[in-house]
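Please read the following report with the model open beside you. It takes up a few local features in turn.

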Amino acid sequence: MNLYVPEITEEDDVISAAFKYAGAGWYLLPVDPTTKNPGSIVGDHWQDKSSRDPEMIALWFTGTNAALALHMGRSGALAFDVDRPESLPDDLRDVLTGTGAPHQSTRVDQPGRGHYVFAQPEGRNIGNSRGDLGRAWGDVRGKNGVIVVAPSTHTREGGHYQWQTTGILPVLPAAIADRIPDAGETVDAATDEQVASFLADHTGSGRPWLLRAKYKRLQEAYSSGESRHEATVRAVVSAMREAAAGQYKAKTATDGLRTAFITAMRTSRDGVERTVNAGSAAMEFAGILAWAVAQVTPEEIEKTLRELDRRVGPPMFNGEPSDDEAPETRTAPAQNDSSNSSEDLWGPEDASDGISGTENEGGGPCWDTPLPVPRHTLPPFPTELLGVSLAAWVRAQGASLNVSDDLLALSALGTISAALGGRVQVKVKDGWDAENVCLYCLGLADSSARKTPALDAASAPMRDRIGQLREDHRAEVEQVEQEIRITEKELAAVENDVSRSKATKEDARAVLDTLLELKAQPGLPKAFVGDVTLEALGKVMGENGGRMALHESEAGFFKACAGLYGNGRADITLVLKAYSGTGHEIDRVGRGHSWMPRTALTLTLIIQPGVVEHMEKDNPEFKSSGFLNRFLYALPSPMPPGAFDTPDVPLDVSLDYAQRIVRLVDDVWTSENIRTLTLTAQARKVFAEFYNQTEKDKADGGALHDVAEWAGKLCGQIIRLAACLSLYDNTAAGEISEDAMTRSIGLAPYLTAHARAAFGLMSRDGDGGRKLLRDILDRLPQLLDDDRTVTTRKIRESFKGRRASGSAGAVDAEAIKDAMDELEELGWVAEIPAPPRKPGQRGQKPSPKYDVHPWIYDPPEEA
């Protein structure tokens, strides 16, 4: 029988659904819904206890609140657990969405997130490793992997298990399956007694400083968005092997890793990631530790010692570094050492020439300290320019949420623009078209930057007020809707009478006019739309007077605009027009064409940088559309690690912000009239000076020439910002003051620097090629041959079918060669001259080969 996902209806409770799943071929487990730990109910060795026996199922689920989990590997299946759809590699995305695989959504408000289920290929036993499919998108659940399924209750706010697609599981295509390894031989976890004995027995201190590096790498894995569970498993297994090899105390390692894991699991890195309490996290860690202890074998201990002796030399005991110290020096391997096989290729004479620089007395390379890969140095957000009230809110919220001022300021400005709702324009001067006060804001921040909390904190007062307005108007709107239904029936009746000559066409026309008037009445007020399609955006704007706001931390809308779905093209005419406020015609299903004489759209998007990286190369037409030049950009620096106890936002600061936003909604957003602001004489003078200087800077050789197209809209952006700041300070303002204009112009250096960095990311090389350099450095330790050299061919193959970290573009041979040349200039690698080719020798030239700096394979702590 082919394994399949059955239809689960709203009438199915957990036990009836469990029988359906078992009948479809699935092995089941009951799990604690608060932890989703597969052994949380059935206990140790849970992998042998999953069942599809009806009696066992009835025992598990009758009269309990247990969640229902499917045991993937034992059932012959595997699942892709997608947490961040925007981070999926393109080829994996195509397989997940294009093969008809059953898909279970886990978040009603986040399309694409959830489980995609496939049958294991014949002869395969794929485990839980992602292989080379990247890390940030989510996890693989294969052998000994489980997923919780509908109709189980999701314990997180906004969570909901619901099958979007059901049916027979397709076999995972080889293009993806070949990139994921099979699971290793199953080893039972150690018992509690065995773990306690292990921790008590292993108290060595041969290389205690190794432990600090392990803690650091685990934190880096957490910060990079890697699965916290998988990163911890890897760290604990390695630590237990090194502890058993006498390098440091097993209990010391366990205590530190447990604390790190519990801390990580109690905090969501992106506002949507699951969190658990300390007790549940400790229980999950205990399972990891028990499994890790069971992996320690004499063979693994011997292998660990050999590798450590090779990498860092013999252990140090008397008078050597303590637990908190690391060796200050490392010895580079000699180029003509017997452990270095370059001599075997073309002899010691050529080998000695492989390093650009000096040699040590033993004939090996002597490396200088390498230069770091350069990064953009971006200015911090000048929060004080927002004004006393708004700046106080941004700083207080930043301290409370551990979110950068950049993201909170961007979110607040987007909310102010949304609260104006297209009801404000600015007359700058005669001959200048009235400036629409709509902002398009784009923040680029990693998954751990708490993007969603920033957006939610800024927009909450407006969302609450709009919700109140909806309730206030609900009865009135429902009455109109009832009248529409009645009038539609009257129209049908009178048209029937006209056909039988019992009524005149004028009678039908009168009823039709009444119906059209009723349908023209506004519906329930709506200010925000979710991660909507372009087609749906036009419809919802048409139903809401041509205006709308979109605040999102997911990249779906941006990708749709960029043509990253479908055929690579998207009609973004409405989005372009709504920035300027010009009219637009939409085709409303069943109601013909509808004309919006005025449009107003506010966009506040905070997405991951990888979404825009290499966009110029992958979709050059998108940049030429002018869409990207309409945005204000922010690329905040990473925040320092947060603390559990953070200060609350002072009540007076919170209330002041909320009241100002609510006043904007009540006085401006709800108005039927367009308010036109003008500039005071002094504000006009200040702006004129800025305008003239900007025009000069856009010219060839000017300070803005490299971003001239974006700078072409900068002056208009400054006007819009000044209007937002003026109306936030004084809802009744009719003019833009000199103070508001000066503060707005003061934001220009920040906006320009961040726009330049954003367009650098979008360029062909992405961040001027620096991102690729960092990705190569990250990969080199895994690519080195036994002689600690690497070829460009091997580096290029590591990117085959994949992207550079966070990248949307493929990495080609030319890009790899350029990157290696730059890394050589920075002192990280040195090309080894190839041996002379014999006259008339045919065949492919050997791939360029490089020695690497010792810090690549053995980084000192101080590096």
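Predicted model: local features only at pLDDT ≥ 70, side-chain atom pairs only at ≥ 80, totals over all residues.

Residues are numbered from 1 along each chain as its sequence is written, and side-chain values use heavy atoms, with hydrogens and water left out.

Helices (H or I, at least four residues) and strands (E, at least two) are DSSP runs, numbered from the N terminus. Two strands pair if DSSP finds at least two bridges between them.

An open sheet is built from three strands in the order S2-S3-S8, with antiparallel pairing. Strand S2 (28-31) and strand S8 (146-148) are at the edges with a single partner strand each, so one side of each has no neighbour in the sheet. On average, neighbouring strands of this sheet are turned by 35 degrees against each other, direction ignored. Axes here are lines fitted to C-alpha atoms, for helices over the stretch in contact, and angles run from 0 to 180 degrees between N-to-C directions.

Strand S3 (residues 67-71) is joined to S8 by three bridges in the antiparallel sense. In this pairing, His71 stands opposite Val146 of S8.

Helix H1 (residues 14-23) touches S2 and S3, and its direction makes about 10 degrees with that of S3. Helix H2 (residues 54-61) also touches S2 and S3, but its direction makes about 15 degrees with that of S2.

## Helix H22

The expected span of a helix is 1.5 Å times one less than its number of residues. Helix H22 (residues 651-669) has 19 residues and should span 27 Å; its end C-alpha atoms are 25 Å apart, which agrees.

Buried means under 20% relative accessible area, exposed over 50%, and partly exposed in between (1.4 Å probe, protein chains only). Among the buried residues of H22 are Val653, Tyr657, Arg660, Ile661 and Leu664. Seen down the axis, the buried residues of H22 fall within an arc of 140 degrees, so they line one face of the helix. The arc is that of the directions from the helix axis to the C-beta atoms. Exposed residues Leu651 and Asp652 are carried on the face of H22 turned away from the buried side.

An α-helix has 3.6 residues a turn, so residues three or four places apart point the same way.

## Loop residues

Most residues other than glycine have a negative phi, and most peptide bonds are trans.

A cis peptide bond, with omega about 5 degrees, joins Ala150 and Pro151. Pro151 lies in the loop between S8 and strand S9 (159-165).

Gly100 sits in the loop between helix H4 (90-98) and strand S5 (103-107). Its relative accessibility of 46% makes Gly100 partly exposed. Leaving aside neighbours within four places in sequence, Gly100 is in contact with Thr165 and Pro170.

## Cysteines

A disulfide is a pair of cysteine sulfur atoms within 2.5 Å. A search of the whole structure finds zero disulfides. For Cys438, the nearest cysteine sulfur is that of Cys724, 8.7 Å away. Cys438 is buried at 1% relative accessibility, and Cys561 is buried with a relative accessible area of 2%.

Methods:
Contact = heavy atoms within 4.5 Å.
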